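The tour below goes from one selection to the next and says what is found at each stop.

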Amino acid sequence: MTCSSERGCPLCGARHEAEVVRPDGRQVARCDACGLWYVRSMAAGKHPASTLASPDPDGSVRVTRLAVLAGGLKNKRLLSLGHEDAEFLEGVRRQGAAVARNSASGLFDVVVTGNLLGVAEEPLAVFEDAVRALRPRGLLLTLSQNGGAGSKCWAGFRCDLDQLQYFSSRTIGLLAQRYGCGIEHLETLGFAVQREEIGGSGMAREFLRGMRAGRSLLTSRPRDPRAGDHWLLAILRIGG
């Protein structure tokens, strides 16, 4: 991205002063009204070599939550927008769902946005496309990086640098209200930061540990993917 334009909140359009500069040089602001952090400066930044990559949470967790709320996935039509991990797609297929990638093929029982809401310059357009593709009482599953985890202390918050906005539970609630959806499920997911992902000196690791205000981000053993709060999983029902 080469433009140097500035943007307001992608949900309400209000403009805010930058509060944080990411490692790639892009400015990040917070909209308290909408409950999200967003990239304010669209100037292209340098992607640091040490960027932390956050793996998607266990796909089986999402499959299980979705199957319960949908009353089973057998013969259900599912539209996958954006990128979804192979584990999740294979899981819904094993349960009998017919997966499509193109919304032109009619209405669907389930629409999954993947992480598209976080990386799209116009997330509202993505959300509206998803809603339009759903049958009445259909389910919309979204997965976004949890801006609520950084609302009180950005330091130590794992912000993947491909994201343009970081949603919170308040953001999801506002979207549900605006588009006439009911929130069927809301959950935080995600692994803690692993030692091998941090790198650097022991002093640097201790610095990151302290900046998290007493909450350790470092662990020597893998944790349950449901134990963290890096991702925000929401399942909405149209007309709920």
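## First stop: the end of a helix

Begin by selecting Gly 71, which follows helix 1 and has a positive phi, near 70 degrees; helices here are DSSP runs of H or I of at least four residues, strands are runs of E of at least two, and both are numbered from the N terminus. The model is a predicted one, in which local features need pLDDT of at least 70 and side-chain atom pairs count only at pLDDT 80 or more, while totals for chains, interfaces and linings use all residues. Residues are numbered from 1 along each chain as its sequence is written, and side-chain values use heavy atoms, with hydrogens and water left out.

In the loop between helix 1 and strand 4, select Asn 75, a residue other than glycine with a positive phi, near 65 degrees. Asn 75 is exposed, with a relative accessible area of 64%.

## Helix 2

Which residues of helix 2 are buried? They are Phe 88, Leu 89, Gly 91 and Val 92. Look down the axis of helix 2 and its buried residues fall within an arc of 160 degrees, so they line one face of the helix; the arc is that of the directions from the helix axis to the C-beta atoms. Ala 86 and Arg 94, on the other side of helix 2, are exposed. The buried residues of helix 2 pack against helix 1, strand 4, strand 5 (98-100) and strand 6, and just after the helix Gly 96 takes a positive phi of about 100 degrees.

Next, colour the 4 strands that form an open sheet in the order 1-2-3-8, with antiparallel pairing; two strands pair if DSSP finds at least two bridges between them. Strand 1 (18-21) and strand 8 stand at the edges, each with a single partner strand, so one side of each is left without a neighbour in the sheet.

Centre the view on strand 3 (residues 36-39), where both faces are covered, with Leu 36 and Tyr 38 buried on one side and Trp 37 and Val 39 buried on the other. Tyr 38 is the bridge partner of Ala 29, and Tyr 38 also stands opposite Gln 165 in strand 8. Strand 2 and strand 3 form a hairpin with 4 residues between them, and Gly 35 in the turn has a positive phi of about 70 degrees.

## Last stop: strand 7

Finally, select Arg 137, which lies in strand 7 and has a positive phi of about 70 degrees although it is not a glycine. Arg 137 is partly exposed, with a relative accessible area of 48%.

How values were computed. Buried means under 20% relative accessible area, exposed over 50%, partly exposed in between (1.4 Å probe, protein chains only). Contact means heavy atoms within 4.5 Å.
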